[in-house]
Amino acid sequence: MAWRLLAPTVFVLAGVLFVTSMVSSQGTDLRAGRYDDLDGLANSQARDLAAIRTRAEALDAEVTRLSRDLRTGSSDPAERAANRLSGPAGLKPVTGPGVTITLDDAPDEALQAAGDDVSELLVHQQDIQAVVNALWAGGAEAMTIQGQRVIATTGIKCVGNTVVLHGVPYSPPYRISAIGPIAAMLSSVNSSPYIQFYLEVVHQSGLGWDVKVERSLTMPGYDGSTELDYARPATS
């Protein structure tokens with residue numbers, strides 16, 4: 001008699017599943033189109049694949065062209081302009097005639113005799129900057145300080161009794177070399193009011209000063225970072 005009791009239960013469950021399927025499909029075939037248009041699906045996929053291959057071929061041709069341009073130097077105009085300016089910017093080594101000017105602190109005996117008042121007996125960053133500016137004004141084409149190439153972003157800063165250049169501290173004597181028209185550079189240095197005042201202290205207190213004409217100077221290209229650090233507005 002058990003099957004008579006189970007039969008109504010089976011019918012009820014079947015009805016529930018039928019109603020659920022009808023509601024889910026909203027009166028449509030749940031598998032409609034699954035096998036009806038295989039040819040259309042295959043053709044669509046073939047078209048998509050052909051388009052992808054065409055795009056890949058175009059990109060490959062562009063990569064080949066750009067690589068060829070880089071090898072021949074006919075790449076992006078901005079890059080060509082940057083390459084032309086790398087020499088004047090100080091990024092390439094140079095050789096030529098010029099001058100070397102050396103600044104040094106006063107002798108130890110003069111420093112000891114001065115006691116705590118030794119400011120005028122030491123070389124300061126403004127002294128080095130005055131020489132550098134005078135040499136540029138005289139037509140210097142390239143310059144080094146302590147062997148480091150000077151570029152447009154080079155900063156000279158005093159820290160204690162040393163001068164920091166490109167993040168490296170240096171003690172005196174400070175050697176400034178410049179390649180360019182020798183006579184014009186020397187004339188510019190000699191006519192600088194600041195350097196004239198410096199030379200007065202040289203004669204009075206023994207500050208170091210030496211000028212040497214160089215028949216040939218070789219200077220390296222600057223190979224440090226050219227990124228600029230600048231202030232940014234504080235966030236509220």
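1. Thr 102 stands opposite Arg 175 in strand 7. Thr 102 itself belongs to strand 1, and strands here, like helices, are DSSP runs numbered from the N terminus (strands E, at least two residues; helices H or I, at least four). Six bridges join strand 1 to strand 7, and the two run antiparallel; strands are said to pair if DSSP finds at least two bridges between them. Thr 102 counts as buried because its relative accessibility is 15%; buried means under 20% relative accessible area, exposed over 50%, and partly exposed in between, with a 1.4 Å probe and protein chains only. Apart from neighbours within four places in sequence, Thr 102 is in contact (heavy atoms within 4.5 Å) with Pro 173, Tyr 174, Arg 175, Gly 208, Trp 209 and Asp 210.

2. The model is predicted, so local features need pLDDT of at least 70 and side-chain atom pairs count only at pLDDT 80 or more, while totals for chains, interfaces and linings use all residues. Residues are numbered from 1 along each chain as its sequence is written, and side-chain values use heavy atoms, with hydrogens and water left out.

3. Thr 144 counts as buried because its relative accessibility is 6%. Leaving out residues up to four places away in sequence, Thr 144 touches Arg 149, Val 150, Arg 175, Ile 176, Ser 177, Met 219 and Pro 220.

4. A second open sheet has three strands in the order 4-5-6, again with antiparallel pairing. Its edge strands are strand 4 and strand 6 (168–170), each pairing on one side only. The twist averages 35° from one strand to the next. Helix 5 packs on this sheet, touching strand 4 and strand 5, and its direction makes about 160° with that of strand 4.

5. Strand 4 (residues 156–159) and strand 5 pair over four bridges. They form a hairpin with two residues between them, and Gly 160 in the turn has a positive phi of about 65°. Val 163 of strand 5 stands opposite Cys 158, and in strand 6 the bridge partner of Val 163 is Tyr 170.

6. Which residues touch the most other members of the largest nonpolar core? They are Leu 103, Ile 128, Leu 135, Met 143, Ile 145 and Ile 176, out of 28 residues. A nonpolar core is a set of buried Ala, Val, Leu, Ile, Met, Phe, Trp, Tyr and Cys residues joined through side-chain atoms within 4.5 Å. Helix 5 gives the most to this core, with six residues. Among the contacts of Leu 135 are Val 99, Ile 176 and Met 185.

7. Helix 5 has 13 residues, and the buried ones include Asp 127, Ile 128 and Leu 135. Gly 139, which follows helix 5, has a positive phi, near 100°.

How values were computed
The expected span of a helix is 1.5 Å times one less than its number of residues. Axes are lines fitted to C-alpha atoms, for helices over the stretch in contact, and angles run from 0 to 180 degrees between N-to-C directions.
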